[in-house]
Every structure is written in structure tokens, then in C-alpha cells.
Amino acid sequence: MKKVIEIKDLFKTYVDADIIVKAVNGVSLSFEEGEFAAIVGPSGSGKTTLLNMIGGLDKYTEGSIIIDGIDISQLSSKQMIDFRLNNIGFVFQAYNLIPVLTAKENAEFIMQLQHKSKKERQERIMELFEAVGISEKANVRPGKLSGGQQQRVAVARALASKPKFILADEPTANLDSKSTADLLDIMRKLNEEENITFIFSTHDQRVIDRAKRVITLEDGKIISDEVK
Amino acid sequence: MNLRIAWRNIWRNKKRTFITISSIILAVVLAVFTRSFNEGTYVKMIENSVGQLTGYVNIHNIDYWEDKMLDNGMEVTQDLIDNAKSVEGVNDVTLKIESFALAAYEKSTKGTLLIGINPKKEDEYVKLKSKLTEGEYITESDRSILIGSRLANYLKISVGDTLVLMGQGHYGQSAVGAYPIKGIIKMPSPVIDRQIIYMPLALAQEYLSFPSGVTSMVIRIEDGDLADDVCNELNSKIDTTINKAMTWKEMTPELIQMIEGDRAGGFLMIGILYMIIAFGVFGTVLMMTEERKKEFAVMISIGMQKSQLAIISIIEMIYINAIGIGVGIALTIPIVMYFHYNPIKMTGEMAKSMEQFGIEAELPTLMEFSIFKEQIIIILFITAFAAIYPVFAIMKLKLIKALRK
Ligand SMILES: Nc1ncnc2c1ncn2[C@@H]1O[C@H](COP(=O)(O)OP(=O)(O)OP(=O)(O)O)[C@@H](O)[C@H]1O
Ligand SMILES: [Mg+2]
């Protein structure tokens, strides 16, 4: 399988009022196409920090992250934004859809940023909304959707740009168990049928149970990395 | 897309946007009213004193303006007239002779301003005939006169009666004459109406023993705005050791000063008003930005360039301000237009004080694009000022911090 992400000796140190926090403390890790990996660990173990660095949202103190052959630390901040647009899909804990856009527009928006034709956008959004089971809510604004529905729209949005992988920081933390199960079904299905790569962090045992690979962090270090 | 997002964004908080836009509308409406009433009044003042009396550009003997006596008058030659007419923007030249005269009728006497004119041209340019309230208008060859209605009242003289004029003619010769009143005119400026006497030029020259003499050559120009250019051009053509061209601005500095002072006061008021509005708009944009920082961070995370996000913020500001100015102007145009054709008539103290300045107690508005343009420019500045904050905030946005909110 093709390697999409290669992380070597990654460190992230925060200096906060003379206290040095090593949020990520020497992580080496790689992900291949088609993975369905969970990053787990206690609160403060560095999950969010790690995901943010992989997503190019945060800079690291030391080490390297190579995505699809590109050393992301070499990109200017403008290039990084375009890189994210075309290569990485994000799903946030708090959904973070744009409230003034309808569900469909939220997903379409990202393709407009990529200058995709209207026809291409329409087709892809239809297909994605079908896949995440939210077609009938396409023209509704996020405020009128449940958390589970919003997160499904967020997954569709993340996929719209045809990214190389999806990063999701605790995507189910705000969802009830039914919605969590539904969302996981959708994610697993996309992973199995479309070979979409998912990397997500979680605290939820039910989510961990459904991951194909579980990476456990503690104090910014990997303490276990199991493939089921 | 940018336009749609920006448009929807401004209506997120309908009440706040509504208040902001309303405040802009209010400022525009107030400013347009103030400015158009002010400018309308100034135009009226200038027309009253300049249009009716002096004319926009005059040629005098170099000493005349300092010391307005007949002895400082000038000899007019056809050459001089032709020369003046050849200047671009000059439509015509009319001649005028002015002098002080004591008027007497029965038991009353009064100091008057005697003006010798070309009756036909004077009517053409200042519609003198239309001011006639009684009797008939004078012709060039008449040996009769027109007098102001208030003067006629004062002297208790009416059409057909003969008025005796006494004064000093050219080079100390005494000027005495008796002339029948042919008509009574009502001048808009009460000050003038109380002292004016019009006489055909030839008759005045004869009365003042100053044949072919005048005190001013009035240069009639196409457009008051050309006054400065025409004046300069004239001065380059005439012998300035003898005569000199002057614009109305030089001739009526008090009027200019008064207008400038008043205008500055108006600007100050409008400036303060807009300043308050600008800070109001700024407050709105501050809130709009602060409450959306996380959203901005999300948009940047998923791949939107900061510059595009900044453009959306600028478009939002443009929308708010454009609606404000658009509605403001749309509201004021019909009202300004109405008062332009139906000036407000002043009464009481205000009217009295205006009349003292020689102005009709009327407040017409000035319908001019420049007044609206001023407001548009000010609003543009406010838009730019208001857009600074979000643009700055977006460019300096700390992604992780904003996302954690
Ligand atoms: N901006 C920051 N400044 C200082 N310390 C920070 C900052 N961000 C994170 N940290 C610290 O880094 C460590 C890792 O935080 P991180 O958010 O990555 O943990 P996490 O595993 O995602 O936790 P949780 O499960 O609660 O989300 C924590 O000790 C946290 O306090
Ligand atoms: Mg976290």
C-alpha cells in the first residue's frame, strides 16, 4: 500500500509562563492509503496537537512530516492553505459548518474554492450526500440540523475536495450513541468501498472498537500501535 | 459565492445590521439636507448680490474699487469692449455708471444709489423687467427712471410723478435733474430696494456730465465658474495701468467670508455626525469579526485563503454602507428636489436677519450631484475605515487559538 503520511521524530513544545509542555514528544509514525486509524489516549496526551500538525494547522518544533512526498514544513502559509484544500479533509468535533450556507452549499463551497465546474460539483455533492444519507436535508441550513446530521454534512464536506485523507479530532464527542454508530457506519463504509483514509482521535470505546488500527498516546509519546 | 456569503453574513444579526444601516441613512439624509440647503442659500446670496448688482467679472479703473467715486470712473472705447468680448467665455459686455444721489420728492429726501444701465440688456441678464410692479419699463432713449418699491414708499412717490435728483457729477460739476418715474420695481434685496434708482445709461451720463464715462464694465460670462479664468485673461489683454478686471470674489469679500464661515460650520457639524456614524459602523464590524473568529479559522483550515476571507469582509462592509448611502440618497432626492422648486419661506427673526444681509428670506435647496458625491466619498472612507479591522484580524488570525474557542 502507498504511504500517504510519514512522521519522523516529531516534537512540539509549548512554553507557557516558564512551564515547558512537551505536547508531542518524539513521535514517529506512518499512515498508508485506506487506513482507518484511531488515535487514543488520556486527556492532554497530545492527540489534538498531533492531528493539528499533520493537518498543517500548527507548526512543530522538531522532526518532519512528509505528506505524499511533500515536506509540509517547506510550504509557505499560503501554499499550506492550498495544500490543505486539495489534500486534507477536516472533520471537527463541533461540526463547524458555515451557518449562512445550506448543507449542500457547505460541501459545494470547498469545491468552488478548487474552481470545480458547476456540473462536477452538483454530481459529487449528490453522490456524497447519498453516501452519508443526508440528501433530503441538502437545502437546509446547519442550524436546523441535528448534531448527527451536521456531522454527516461535515464528512461530506471533508470528502468533497477528494482529499488524500480525512483528519477528524473527536468527531463523535458531541454525538449521542445512535448518531455515533450511524456516523461510524458511514465512515467505515466509505473506507471499505471507496478506500478513503480516515485518521481520527477519540475517547469513545465504541469508536475504538471499530477502528482497524489503534495508536495510543501518553504524554506525547506513542505507547502502543496495534493493527487489528 | 463571495457575494452570497457576504450578503447572508450581514443579515445574520438582522437587528444590528438594520440599526447600523439606519444610522448611515440618517447621517446621509441629514448631511444632504444641510449641504443642499446651505449651498442653495449661498447660490441665492451670490445671485442676489452678484448676479443682480455687480456681475461675476467687472472692469473698473484701477482706483475705482478702493474709492468708488465718479472721478475714478473710466472712459469706454469700442476697442476696449471688443477686446473684452474676444475673451473665451465672455458673452457680452454691459456698461454701468453708478453714483450717489440725493432724491427729493415733496417733503421727503433720501440718499439713493443711481445706476445708469442699458435697459434692454439689463432685462436680458437680470430680468429687471420682471421686477416691475407698477408702470412701465424704461428704454434706452427714455428721459425717465425706475425706482425701488421701498424707496417709492418712503418718498410716497408714484408712477408719473417727477423725482428731483441732486449730487456731484464728473470732476466736481454739480449734477441736478428732475426725472419722471416710469416704473416701480421690487428688488429681492430689501437693502437695495430701499435705495435703487435705474436710469438709461445715456441719461445718467448726461446728468453726471460724464459723456462716454462709466464706473464699471460688467462682463457677462457663460458660467459663474469661469469667472477666475475670464478675469485673468482680461487682465492680460487690457492696459492694467489704467483699468483692471476683478471677479465677484474680490469685489464682495465679505460675502465670500460669510459663506466660507458658514460652510465650514456646516462641514464641522457633518464631520462630527459622520465621525459618530463611523464609530458606530466600526463597533458593528468589531462585533461581527470577534464573534466569527472561530468560523474564520475553520474556513482557513478547510482551505480558504485569508485574502479571500478578507475580501468577503470588505464586501460585507460595502453592502452595509452601499445600502445606507443608496437608501439615504434615494430618500433625499425627491425632498431636495421639492424644496428646490418650492423654497421654504422664512419668517420672524430669521427672516429679518437674512434681509439685513440683503438676502431674500427664502431657503431653496441646491440640487447638485456634487453634494451627493461628497456623501458617497465620505461613506467610501467610512467603508474603508470599517474594513480595516476585519482585514487585520483575518491576516493576524491565530488558527489554533481560534479553533479551540
Ligand atoms: N496553546 C497551548 N499552550 C500551552 N500548552 C498547550 C497548548 N495547547 C495544548 N497544550 C498542552 O499540550 C498538551 C496536549 O494537549 P492536546 O490538546 O493535544 O491533548 P489531547 O490529547 O487532545 O487532549 P483532549 O483529549 O483533552 O482533547 C496538554 O498538556 C495541553 O495542556
Ligand atoms: Mg484534543
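**Figure 1. Polar contacts between ligand 1 and chain A in the predicted model.** In this predicted model, a polar side-chain atom of A:Thr49 lies 2.5 Å from an oxygen atom of ligand 1, a polar contact being a pair of N or O atoms within 3.5 Å. A polar backbone atom of A:Gly44 is 2.8 Å from an oxygen atom of the ligand, and for A:Ser45 a backbone N or O atom is found 3.2 Å from an oxygen atom of ligand 1. Ligand 1 taken alone exposes 630 Å², of which the protein buries 71%, the accessible areas coming from the Shrake-Rupley method with a 1.4 Å probe. Residues are numbered from 1 along each chain as its sequence is written, while chains are lettered from A and ligands numbered from 1 in the order in which they are written. Local features need pLDDT of at least 70 and side-chain atom pairs count only at pLDDT 80 or more, whereas totals for chains, interfaces and linings use all residues, and side-chain values use heavy atoms, with hydrogens and water left out.

**Figure 2. The shell of residues around ligand 1.** Ligand 1 lies between chains A and B, and 15 residues surround it, the closest being A:Ser43, A:Gly44, A:Lys47, A:Thr48 and A:Thr49; a residue is counted here if one of its heavy atoms lies within 4 Å of the ligand. Helix H1(A) provides the largest share of this shell, with three residues. By class, the shell has four nonpolar, seven polar and four charged residues, where Ala, Val, Leu, Ile, Met, Phe, Trp, Tyr, Cys and Pro count as nonpolar, Asp, Glu, Lys and Arg as charged, and the others, Gly among them, as polar.

Figure 3. A cavity is a set of points, on a 1 Å grid over the protein atoms alone, where a 1.4 Å probe fits but cannot get out, and its lining residues have an atom within 4 Å of a point. Helix H11 (293–301) and helix H12 (306–341) of chain B each supply at least two of the lining residues, and H12(B) gives the most, with four.

**Figure 4. The second largest cavity.** This cavity contains about 30 Å³ of space and is lined by B:Asn9, B:Arg12, B:Arg16, B:Met288, B:Glu291 and B:Arg292. The lining comprises one nonpolar, one polar and four charged residues.

Figure 5. Chain A has seven helices and ten strands, and its C-alpha atoms fill a box of roughly 50 × 40 × 40 Å along the principal axes. Chain B comes to 15 helices and 14 strands, helices being DSSP runs of H or I with at least four residues and strands runs of E with at least two; its C-alpha atoms fill a box of roughly 100 × 45 × 30 Å along the principal axes. The radius of gyration of chain B is 30 Å, whereas a compact globule of 405 residues would have one near 22 Å, the globule rule being 2.2 Å times the number of residues to the power 0.38, with the radius taken over C-alpha atoms.

Conventions
On a 1 Å grid over the protein atoms alone, a cavity is a set of points where a 1.4 Å probe fits but cannot get out, and a pocket is an open set with protein on both sides within 12 Å along at least five of seven lines; lining residues have an atom within 4 Å of a point. Grid points are joined across faces, edges and corners, and a volume is the space filled by probe spheres set on the points. A polar contact is a pair of N or O atoms within 3.5 Å; within protein, one must be able to donate a hydrogen and the other to accept it, and residues adjacent in sequence count only if both atoms are side-chain atoms.
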